[in-house]
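I opened the notebook to record what I looked up in this structure. The entries follow in the order I made them.

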Amino acid sequence: MLHVRLGEQHGGDPHTAVVDEFCVCRSRARVDVAVINGHLAGFEIKSDADRLDRLPMQMRYYDRVFDEVTVVAAARHLTALTRRLPDWYGILATESDSDGLTLRTHQKLGRNPDPCTSSRAQLLWREDMVELLLAAGAGAEVRRQPRRVLLPQVVEAIPEHELLSEIRRRVRLRLRVNASSGSTAA
């Protein structure tokens with residue numbers, strides 16, 4: 001049902017990638033569905049069978065990376081989620097009706113007030129960082145530097161709006177290549 005909704009919203013858009021099981025912050029957390037286009041959006045699904053005990057840890061990492069986060073939840077979780085989630089998180093409630101399951105907005109989605117550029121830049125591969133730094137005028141020595149050394153250089157050398165645009169573009173491209181080969185790993 002979430003995929004149907006996302007397909008209706010983004011289907012056929014060449015500037016949008018929708019991917020399942022998207023890892024963030026060096027695989028410390030994984031969101032159930034991510035949408036990458038002009039922004040980074042994460043969707044976490046909490047079914048009737050799920051517990052919410054991992055959610056605080058997940059949120060720590062989601063808050064660093066995503067512009068928007070929506071929790072898609074069964075009715076039994078709504079009260080707890082409303083209390084636990086920041087007001088910028090969206091909540092979609094799953095409901096049964098004569099047509100099957102539907103999604104209803106329980107809490108309106110807002111924008112993350114404080115994402116972390118460095119955490120977002122971790123979505124780049126080492127080769128991406130080298131290319132970006134070389135294009136920004138860095139010397140050839142960046143070709144030999146490890147990823148952990150390149151990351152702060154990329155964040156420092158490239159204006160934030162340009163870096164975020166490159167992150168989204170490169171991740172979308174990588175996801176399309178992986179999807180065509182049968183893999184969805186980011």
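How many positive and negative side chains does the protein chain have, and how far apart do the centres of the two sets lie? I found 27 positive and 25 negative side chains, with the two centres 6 Å apart. Lys and Arg count as positive and Asp and Glu as negative, while His and the chain ends are not counted. Each charge is placed at NZ of Lys, CZ of Arg, CG of Asp or CD of Glu.

I noted that this is a predicted model, in which local features need pLDDT of at least 70, side-chain atom pairs count only at pLDDT 80 or more, and totals for chains, interfaces and linings use all residues. Residues are numbered from 1 along each chain as its sequence is written, and side-chain values use heavy atoms, with hydrogens and water left out.

Next I looked up the fold elements. The protein chain has seven helices and six strands, taken as DSSP runs (helices H or I, at least four residues; strands E, at least two) and numbered from the N terminus. In sequence order the pattern is α-β-β-β-α-β-α-β-β-α-α-α-α.

Then I checked burial. Of the 186 residues in the protein chain, 44% are buried; buried means under 20% relative accessible area, exposed over 50% and partly exposed in between (1.4 Å probe, protein chains only).

Last, I searched the whole structure for disulfides (pairs of cysteine sulfur atoms within 2.5 Å) and found zero. For C23, the nearest cysteine sulfur is that of C25, 11 Å away. C116 is in no disulfide either, and its nearest cysteine sulfur, again that of C25, is 7.5 Å away.
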